[in-house]
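Please read this report with the sequence and the three-dimensional structure side by side. It begins with a single residue and then widens to its surroundings.

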Amino acid sequence: MRVGCPKEIKNHEYRVGLTPGAVREYVAHGHSVLIETNAGAGIGADDAAYVAAGAKIAATAKEVFDNSDMIVKVKEPQPSEWVQLREGQILYTYLHLAPDPEQTKGLIASGVTAVAYETVTDERGGLPLLAPMSEVAGRLSIQAGAFSLQKANGGRGILLGGVPGVTPAKVAVIGGGVVGLHAAKMAVGLGADVTILDRSIPRLRQLDDIFNGRVHTRFSTIDALEQEVFAADLVIGAVLIPGAAAPKLVTKKMLGGMKKGAVIVDVAIDQGGCFETSHATTHSDPTYEVDGIIHYCVANMPGAVPITSAHALNNATLAHGLALADHGLEAIRKDKHLQNGLNVHKGKITNKPVADSLGYEMHEPLSVL
Ligand SMILES: NC(=O)C1=CN([C@@H]2O[C@H](COP(=O)(O)OP(=O)(O)OC[C@H]3O[C@@H](n4cnc5c(N)ncnc54)[C@H](O)[C@@H]3O)[C@@H](O)[C@H]2O)C=CC1
Ligand SMILES: CC(=O)C(=O)O
Ligand SMILES: [Mg+2]
């Protein structure tokens with residue numbers, strides 16, 4: 001198969017869909033790989049490194065889109081990209097369609113077969129292609145929150161860990177999945193007073209075991225949420241209902257009960273966000289204020305640390321990527337986890353949470369493939 005990888009064009013997105021190491025694997029499987037010039041610059045991989053791995057270099061994104069049977073990317077296609085996709089081509093990348101009706105229309109119109117990293121599943125009920133970026137974003141969320149809490153950055157002016165004789169800041173993490181776990185690890189490491197809220201009691205048990213008393217866990221009711229959010233200096237939004245738009249758990253009214261200068265980092269923003277007042281921001285202008293509360297809502301947080309993120313992402317995407325390149329649509333037909341990843345095929349929506357969120361008819365993957 002002809003596999004292509006354009007340079008990412010989203011704001012401050014420095015990751016790349018294929019690292020040179022991944023290219024070498026595709027080439028070893030007999031595929032040809034076309035990389036847009038400078039696609040790996042953000043991770044320190046120049047064109048020569050890709051040529052050494054067996055790729056050919058394309059001068060433009062158009063050349064990549066025109067000459068590839070499968071496009072491997074990181075972020076959801078931007079408008080200038082989705083018009084270059086076509087029927088018969090496979091798109092393998094993050095999509096986050098539920099909160100993005102425009103992109104969904106673009107992908108439907110293109111006829112492309114789009115596999116979304118974030119809805120591919122595994123045998124243990126996890127989301128293996130989302131998990132590495134959730135690890136990164138969870139860890140980054142505390143760095144972003146700590147920075148935003150500094151007075152000069154609009155925050156309350158409190159140090160997460162305090163100092164001897166002064167109590168630490170309170171951090172509330174809403175959603176104790178992968179993002180929540182990694183956010184809590186960093187916050188605990190910095191010495192903060194951390195509470196994790198989740199709706200899953202088995203998950204709260206697991207977290208209690210992992211942290212061995214170093215975090216508080218709370219079942220997430222409206223009451224519990226309100227109490228923790230009102231008490232917090234930093235709130236991390238980390239809930240997920242796979243494929244679906246995030247539930248708005250913290251309302252605008254609740255901001256009134258929070259401490260002035262408190263910070264929220266809504267990591268779930270790529271699924272629309274779990275704060276009513278969240279809207280997506282970019283790395284160039286990551287925060288804004290509503291009712292005295294600083295909001296950080298960057299939808300591609302891992303793009304800020306592309307060396308870590310691109311390698312972690314490629315580790316996770318390689319096996320299914322090779323299966324798609326080796327077997328084309330047959331790879332999806334014979335793997336229920338790739339069927340869960342299929343969001344759009346030949347103009348039809350094939351993922352139920354996406355269809356339900358946006359009001360489209362749902363088509364079972366096997367009925368359209
Ligand atoms: N902004 C960014 O750059 C990035 C955003 N993300 C996003 O972060 C979000 C979280 O991802 P993961 O941690 O991997 O998901 P996950 O599935 O591992 O964890 C989500 C957790 O939320 C919990 N939950 C669901 N509904 C809840 C509710 N009403 N109250 C409390 N907890 C609830 C679930 O029980 C689960 O434990 C996703 O939207 C993901 O796409 C991930 C990576 C990067
Ligand atoms: C998951 C996601 O949105 C990201 O890594 O940018
Ligand atoms: Mg996004």
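## A buried pair

Asp 270 counts as buried because 27 other C-beta atoms lie within 10 Å; by definition a residue is buried if 20 or more other C-beta atoms, placed from the backbone, lie within 10 Å of its own, exposed if 12 or fewer, and partly exposed in between. The model is a predicted one, in which local features need pLDDT of at least 70 and side-chain atom pairs count only at pLDDT 80 or more, while totals for chains, interfaces and linings use all residues. Residues are numbered from 1 along each chain as its sequence is written, and chains are lettered from A and ligands numbered from 1 in the order in which they are written.

Asp 270 sits in the loop between strand 11 (263–266) and strand 12 (287–290), where helices (H or I, at least four residues) and strands (E, at least two) are DSSP runs numbered from the N terminus. Apart from its neighbours within four places in sequence, Asp 270 is in contact with His 96 and Ala 299, contact being defined as C-beta atoms, placed from the backbone, within 7 Å. The UniProt annotation "active site", from an unreviewed entry, covers His 96 and Asp 270; UniProt positions are given in the numbering used here, feature names are shortened, and annotations may be inferred rather than shown by experiment. These two residues are spread over 175 residues of sequence, yet they cluster in space, with a largest C-alpha distance of 6.3 Å.

His 96 belongs to the loop between strand 5 (90–93) and helix 5, and it counts as buried because it has 24 C-beta neighbours inside 10 Å. Not counting residues up to four places away in sequence, His 96 touches Glu 76, Glu 118, Asp 270 and Gln 271.

The chain is divided into domain 1 (2–127 + 305–368) and domain 2 (134–303), with bounds that come from an automatic or database domain assignment. Their C-alpha centres lie 30 Å apart, and 21 residues of domain 1 are in contact with 16 residues of domain 2. On the side of domain 1 that touches domain 2, the largest share, 4 residues, comes from helix 11.

The residues around ligand 2 include Asp 270, Glu 118, Lys 75 and Tyr 94, a residue being near a molecule if its C-beta atom, placed from the backbone, lies within 6 Å of it.

In helix 5 (residues 101–110), the buried residues are Gln 103, Thr 104, Gly 106, Leu 107 and Ser 110. Seen down the axis of helix 5, they fall within an arc of 160°, so they line one face of the helix; the arc is that of the directions from the helix axis to the C-beta atoms. The face turned away from this buried side carries the exposed residues Glu 102, Lys 105 and Ala 109.

What covers the buried residues of helix 5 includes helix 4 (79–82), strand 6 (113–116), strand 14 (342–345) and helix 14. Helix 5 is followed by Gly 111, whose phi is positive, near 85°.

Conventions. Contact = placed C-beta atoms within 7 Å.
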